[in-house]
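Welcome! Try each task before you read its solution.

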Amino acid sequence: PLGFQRAAMIRAREAARWLPNDFVETSLNGGVFTLVAYTIMAIVFLCEVGYFFGSKEFTTVIALDRHDDDALQINFDIDLYDIECRSVRVVVFTQTADEPMDVLSQDFWLRPLDKQGRAYGMAVRPSDIPLDIGEVRSGLEEQKKRVEQEDGKEELDADWASSHDGFKHKSFDHVIQGHDFTFINFFAGWCRHCQVFAPEWARIAATVNGENGKPGLQFPDRDGVMRSVRLIKMNCVDFKPICKQQGIDAYPNLRLYKADGSFSLFEGKRNHDDIVKWLQNTMKMKSYGWAAHHEAFERGCNAKGRLLVPRVPGHLEIMAGAGDQALNPSMTNVSHRVRHLSFSDQDDGKFHKKAWSGMPAQVLAHINPLDNVDYVTWAFHQVWMHDLKVVSTVGYRGESTFQFSHQHRLSVASESDIPQVQFHYDIEPFTIRVLQDNKRWYDLCTALLANLGGIFVVMRLASEASLGAFQHLLPKNGARKSGILA
């Protein structure tokens with residue numbers, strides 16, 4: 001083996017005699033440029049390979065919209081800061097005529113907002129909101145009489161202080177339904193705060209419920225009708241399932257329930273005067289029963305969900321004043337926040353955002369451009385008008401969605417008309433198709449060979465130029481001619 005190695009070295013040495021001196025002679029200059037060349041080649045190689053496997057380039061093609069679907073889904077999540085849910089309706093009108101469009105299906109709900117714009121209470125579907133308030137009140141009165149006949153007044157008025165106090169405690173719902181209003185103290189025997197509050201609660205209960213033949217207190221509700229409130233305490237140790245069902249996670253927890261099951265949470269100081277005053281003020285702001293699981297005294301309303309409508313131009317309108325109250329046009333404030341607004345195909349349902357995956361950033365920026373934008377009015381009769389141009393878009397994987405451009409303007413409504421929030425949309429007759437530019441393997445090979453060869457040539461020329469300049473500047477030193485890239 002040693003002989004073969006020596007023979008190979010001799011043959012290589014003999015072959016090197018036929019090569020130019022630049023390739024076989026070494027020098028500091030050639031070594032530096034060789035290292036620089038190899039470094040640049042490695043960087044270029046890594047960049048080319050990374051770009052080939054990791055980059056995505058897209059092109060778009062415009063084609064006529066084939067109208068594969070006959071329906072369009074409108075997804076919305078909008079806050080009205082100063083309109084109560086009882087006065088809100090969501091309607092889609094045709095563009096050519098001011099008449100409601102036939103809604104193929106709807107799946108949305110309304111939820112009250114407090115004065116800070118935070119959602120609270122139960123969400124209600126519009127189909128659950130009755131418009132005949134007299135009918136609702138009559139139904140609640142009938143319900144009250146029915147549960148009183150079934151359980152008895154003593155059973156309904158009794159505290160749930162113990163599971164062995166002689167009462168049956170069959171139905172918590174019946175307790176709520178058997179009174180106009182029920183103020184409940186959820187407590188636990190081991191809770192020190194509950195123990196401290198117990199004497200004060202007994203004093204408040206004696207005042208509000210009445211004792212020793214003395215009648216209890218009554219408070220006027222929102223409609224001016226005098227209503228009674230029953231104070232009851234609930235032992236969450238003995239009746240743990242009920243407290244868990246009501247979401248009680250801290251003690252004591254004080255809640256004022258209406259007969260329809262909705263409630264308000266007391267968060268003030270737990271003393272006699274503050275609680276009685278809070279009961280009076282809170283009941284004054286409540287209507288006895290305009291909607292199940294819904295608060296009628298909220299400051300604003302959130303409308304969230306989706307509508308399926310025919311795929312034709314129209315306008316989405318969040319109508320104010322369409323409920324059981326007549327609004328004053330000069331005092332109606334339709335300032336709003338668009339939390340979300342987008343359009344999608346009819347089969348997307350609540351998973352409409354699934355089609356967004358894989359879309360380039362340029363498309364995603366125009367799918368929901370209004371999200372989390374506030375539109376505030378500063379004067380009477382003002383209203384924001386939204387004009388949208390909707391364009392169907394098909395991704396490179398076949399998923400479809402809609403982009404839209406948006407223009408808004410501040411309009412002034414007439415003094416006799418109630419301002420409304422309107423989103424006018426027009427569907428463009430073309431589709432944007434997104435195509436992905438995939439780089440072929442032979443393009444990668446060609447680019448690598450061209451770049452690496454170019455770097456080699458450039459560095460060789462640079463080396464020769466630097467060597468020539470060095471020899472020209474220092475001729476007396478007898479600078480040695482060197483080879484490069486050996």
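Buried means under 20% relative accessible area, exposed over 50%, and partly exposed in between (1.4 Å probe, protein chains only). This is a predicted model, in which local features need pLDDT of at least 70 and side-chain atom pairs count only at pLDDT 80 or more, while totals for chains, interfaces and linings use all residues. Residues are numbered from 1 along each chain as its sequence is written, and side-chain values use heavy atoms, leaving out hydrogens and water.

**Exercise 1.** Find Thr 282 and decide: buried or exposed?

*Solution.* Start at helix 9 (residues 272–284), where Thr 282 is found; helices are DSSP runs of H or I with at least four residues, and strands are runs of E with at least two, numbered from the N terminus. Thr 282 has 8% relative accessibility, so it counts as buried. Next, look at its neighbours: leaving aside residues up to four places away in sequence, Thr 282 touches Leu 256 and Ser 264 (contact means heavy atoms within 4.5 Å). Finally, its side chain reaches the backbone oxygen of Trp 278 at 2.7 Å.

**Exercise 2.** Work out in which sense strand 5 and strand 7 pair.

*Solution.* Two strands pair if DSSP finds at least two bridges between them. Strand 5 (residues 181–187) and strand 7 (residues 226–235) have seven bridges and are parallel. To check one, go from Ile 184 to its bridge partner in strand 7, Ile 232. Then turn to strand 6 (residues 218–220), which runs antiparallel to strand 7 with three bridges. Here Gln 218 has Ser 228 as its bridge partner in strand 7.

Notes. Polar contact = N/O pair within 3.5 Å; in protein donor to acceptor, adjacent residues only side chain to side chain.
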